[in-house]
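Good morning, and thank you for coming.

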Amino acid sequence: MTRREGYESRTEKFLLPLLAEHGFELWDVEYVKEAGTWYLRAYIDKEGGITVDDCETVSRSLSDWLDREDFIEDSYVLEVSSPGLGRALKKDRDFEWSLGEEIEIRLYRPRDGQKEFAGTLNGYDKDTVTIGTEDGGEEVFARGEIALVRLAFEMP
């Protein structure tokens, strides 16, 4: 396990019971470096959506715990937020929650001259993601060829 994965895993283990207590779900934890700054991000969700007050509640508890535990060596910025409308699907749990939803898939390399696909998430397993297409057919993608899978959203 890399240092990054260790930070994410330890943070996730703290968050799961805290979020369950409030009726929230953990969408993802990530520790990433952007433009020279490290970020520890927790994405939370609940039925009906997350509010700013929900994020503040979780952020305060998480910040206090991180200060006590002090296991992250780098200086970093803590962010707690909703995963947003176009949230990426990364874990099996994300795919399970999104079955039947409209998704977008971006490939590393074009397939038949196309890198981006959209459809209804019909299924997934450890090796593939299957979408239903507009013409009533299905398209199966190997996980190894997929750069990004996210929920589709339409602007009003």
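Let me begin with a term: a contact means heavy atoms within 4.5 Å. What we have here is a predicted model, in which local features need pLDDT of at least 70 and side-chain atom pairs count only at pLDDT 80 or more, while totals for chains, interfaces and linings use all residues. Residues are numbered from 1 along each chain as its sequence is written, and side-chain values use heavy atoms, with hydrogens and water left out.

First, the overall fold. The chain contains three helices and eight strands; helices (H or I, at least four residues) and strands (E, at least two) are DSSP runs, numbered from the N terminus. In sequence order, the pattern reads α-β-β-α-β-α-β-β-β-β-β. The C-alpha trace spans about 55 × 35 × 30 Å along its principal axes. Of the contacts with a separation of 6 or more, 53% join residues 24 or more positions apart. Of the 156 residues, 34% count as buried. Here, buried means under 20% relative accessible area, exposed means over 50%, and partly exposed lies in between, with a 1.4 Å probe and protein chains only.

Let me turn to the interior. A nonpolar core is a set of buried Ala, Val, Leu, Ile, Met, Phe, Trp, Tyr and Cys residues joined through side-chain atoms within 4.5 Å. The largest such core has 21 residues, and Leu15, Ile44 and Val58 have the most contacts inside it. At least two residues of this core come from each of H1, strand S1 (25-34), strand S2 (37-45) and helix H2 (52-69). H2 gives the most, with five residues. Setting aside residues up to four places away in sequence, Leu15 touches Leu26, Val29, Ala42, Val58 and Leu62. Another core, of 15 residues, lies apart from this one, and Tyr43, Leu121, Val129 and Val149 are among its members.

Glu8 lies in helix H1 (residues 3-22). Beyond its neighbours within four places in sequence, Glu8 is in contact with Val29, Glu30 and Tyr31. A polar atom of the Glu8 side chain lies 2.8 Å from the backbone nitrogen of Tyr31.

Ser98, in helix H3 (residues 92-98), is the next. Ser98 counts as buried because its relative accessibility is 2%. Not counting residues up to four places away in sequence, Ser98 touches Trp27, Leu89, Leu121 and Leu151.

Then there is Ile105, in strand S4 (residues 102-111). Ile105 also has 2% relative accessibility, and therefore counts as buried. Its contacts, apart from neighbours within four places in sequence, include Phe117, Val129, Phe141 and Leu148. Ile105 and Arg150 are 45 residues apart along the chain, yet their C-alpha atoms are separated by 6.7 Å.

Now to two loop residues. Most residues other than glycine have a negative phi. Asp70, however, has a positive phi of about 50 degrees. Asp70 sits in the loop between H2 and strand S3 (76-81), and counts as exposed because its relative accessibility is 59%. Asp112 likewise has a positive phi of about 50 degrees without being a glycine. Asp112 is in the loop between S4 and strand S5 (114-124), and at 79% relative accessibility it therefore counts as exposed.

Finally, the pockets. On a 1 Å grid over the protein atoms alone, a pocket is an open set of points where a 1.4 Å probe fits, with protein on both sides within 12 Å along at least five of seven lines; lining residues have an atom within 4 Å of a point. Grid points are joined across faces, edges and corners, and a volume is the space filled by probe spheres set on the points.

The largest pocket holds about 260 Å³ of space. Its lining includes Glu25, Trp27, Asp45, Arg87 and Trp97. By class, this lining has four nonpolar, two polar and five charged residues. In this count, Ala, Val, Leu, Ile, Met, Phe, Trp, Tyr, Cys and Pro are nonpolar, Asp, Glu, Lys and Arg are charged, and the others, Gly among them, are polar.

The second largest pocket has a volume of about 150 Å³. Among its lining residues are Leu89, Phe95, Val129 and Arg143. Strand S8 (residues 146-151) gives the most to this lining, with four residues. The lining of this second pocket divides into eight nonpolar, no polar and two charged residues.

How values were computed
A polar contact is a pair of N or O atoms within 3.5 Å; within protein, one must be able to donate a hydrogen and the other to accept it, and residues adjacent in sequence count only if both atoms are side-chain atoms.
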